[in-house]
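Subject: Structure handover

Hello,

Here is the structure I promised to pass on. Please open it first, then read my notes below.

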Amino acid sequence: MKRSTINRIMAEADDMIRRYGFCLPPFAYWSPDAFKSRANDARHLIDVRCGWDITDYGDGDFDRMGLFLFTLRNGVQRDLAKGGGMCYAEKLLISRQDQLSPMHTHVLKAEDIINRGGATLVVELYGSDAAGGFAEDQGGVVWCDGIRRAFAPGDKLRLAPGESVTLRPGDWHAFWGEGGDVLIGEVSTVNDDETDNIFRAPIGRFALVEEDEDPTHLLVSDYARWLG
């Protein structure tokens with residue numbers, strides 16, 4: 001993805017988030033130089049990769065397959081391992097109309113996916129085989145706003161604003177906006193986007209960036225290069 005495209009998507013996303021009554025935290029608006037100067041104080045944000053995240057899954061066609069994310073807060077794996085402390089994470093996402101977030105599951109993370117506003121969020125569901133792999137003939141059970149709901153393989157949930165689904169490890173899912181763009185909330189256990197996203201197809205989690213202009217704000221995938 002071109003950096004100019006990423007900068008534009010950030011501005012558009014910020015506008016949409018504000019329209020629905022949410023505000024991003026102050027660090028969201030730091031310039032790269034400001035982030036560098038405050039890297040010591042912001043070490044937790046850097047280590048757990050809070051911040052901007054825009055991906056085309058390495059496919060090169062963001063409008064067809066992609067996702068906007070902003071990680072607002074994230075815990076640490078050592079707390080999750082010991083079963084106490086900061087064991088949770090929270091994100092905002094934007095799924096554009098007909099923009100696919102492809103079929104995947106998680107090994108550790110359970111998550112609530114919440115339609116925070118906009119159009120309808122479609123979530124396509126499949127179950128797992130005995131080894132946790134994608135199973136095109138397996139359904140399962142999820143919880144929609146705390147209500148148990150069985151699903152057949154390939155069932156599509158349609159979540160209106162305010163509705164949610166709880167997904168557990170082994171629940172294979174893909175999602176997209178239907179009828180317009182959707183602002184999504186994600187509340188989950190500790191998030192690790194580098195190792196805990198298992199995709200059905202062999203695709204990348206992060207975009208490859210073409211530096212055609214300076215970044216307005218850093219992506220989480222920029223941290224290692226810019227901040228060490």
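The radius of gyration here is taken over C-alpha atoms, and the globule rule is 2.2 Å times the number of residues to the power 0.38. For 228 residues, that rule puts a compact globule near 17 Å; the protein has 17 Å, so the two agree. Keep in mind that this is a predicted model.

**Overall picture**

The protein has five helices and twelve strands. Its C-alpha trace spans about 50 × 45 × 35 Å along the principal axes. Buried residues make up 50% of the 228 residues. The accessible surface is about 10,500 Å², and carbon and sulfur atoms account for 48% of that.

**The cores**

In soluble globular proteins, nonpolar side chains tend to be buried together. What do we find here? The largest nonpolar core has 34 residues. Leu24, Phe35, Trp52, Ile54, Phe68 and Phe70 touch the most other members. Several elements each supply at least two residues of this core: helices H1, H3 (43–48) and H5 (223–227), plus strands E1 (51–55), E2 (67–74) and E3 (88–95). H1 gives the largest share, six residues.

Another core lies apart from the largest one. This other core has 21 residues, including Leu125, Val142, Cys144 and Phe199.

**Ile6**

Ile6 lies in helix H1, which covers residues 3–19. Is Ile6 buried or exposed? Its relative accessible area is 0%, so Ile6 is buried. Not counting residues up to four places away in sequence, Ile6 touches Met1, Ile54, Val209 and Leu219. Ile6 and Thr216 are 210 residues apart in sequence, yet their C-alpha atoms are 8.8 Å apart in space.

**A hairpin**

Strands E7 (residues 140–144) and E8 (residues 147–151) run antiparallel, joined by five bridges. Trp143 stands opposite Arg148 in E8. Two residues sit between the strands of this hairpin, and Asp145 takes a positive phi near 50°.

Arg49 is not a glycine, but its phi is positive, near 65°. Arg49 sits in the loop between H3 and E1. Its relative accessibility is 21%, so Arg49 counts as partly exposed.

Tyr57 is not a glycine either, and has a positive phi of about 55°. Find Tyr57 in the loop between E1 and E2. Tyr57 has a relative accessible area of 5%, so this residue is buried.

**Cysteines**

A disulfide is a covalent bond between the sulfur atoms of two cysteines. How many disulfides does the structure hold? It holds zero. Cys23 is in no disulfide, and the nearest cysteine sulfur, that of Cys50, is 18 Å away. Cys23 has 60% relative accessibility, so it counts as exposed. Cys87 is in no disulfide; the nearest cysteine sulfur, again that of Cys50, is 15 Å away. Cys87 counts as buried because its relative accessibility is 19%, and the cut-off for buried is under 20%.

Best wishes

How values were computed. Residues numbered from 1 in each chain as written. Predicted model: local features only at pLDDT ≥ 70, side-chain atom pairs only at ≥ 80, totals over all residues. Heavy atoms only, no water. Helix = DSSP H or I, 4+ residues; strand = E, 2+ residues; numbered from the N terminus. Buried < 20%, exposed > 50% of the residue type's maximum accessible area, 1.4 Å probe, protein only. Contact = heavy atoms within 4.5 Å. Core = buried A, V, L, I, M, F, W, Y, C linked by side-chain atoms within 4.5 Å. Pairing = 2+ DSSP bridges. Disulfide = S-S within 2.5 Å. Areas by Shrake-Rupley, 256 points an atom, 1.4 Å probe, with all protein chains shown as cover.
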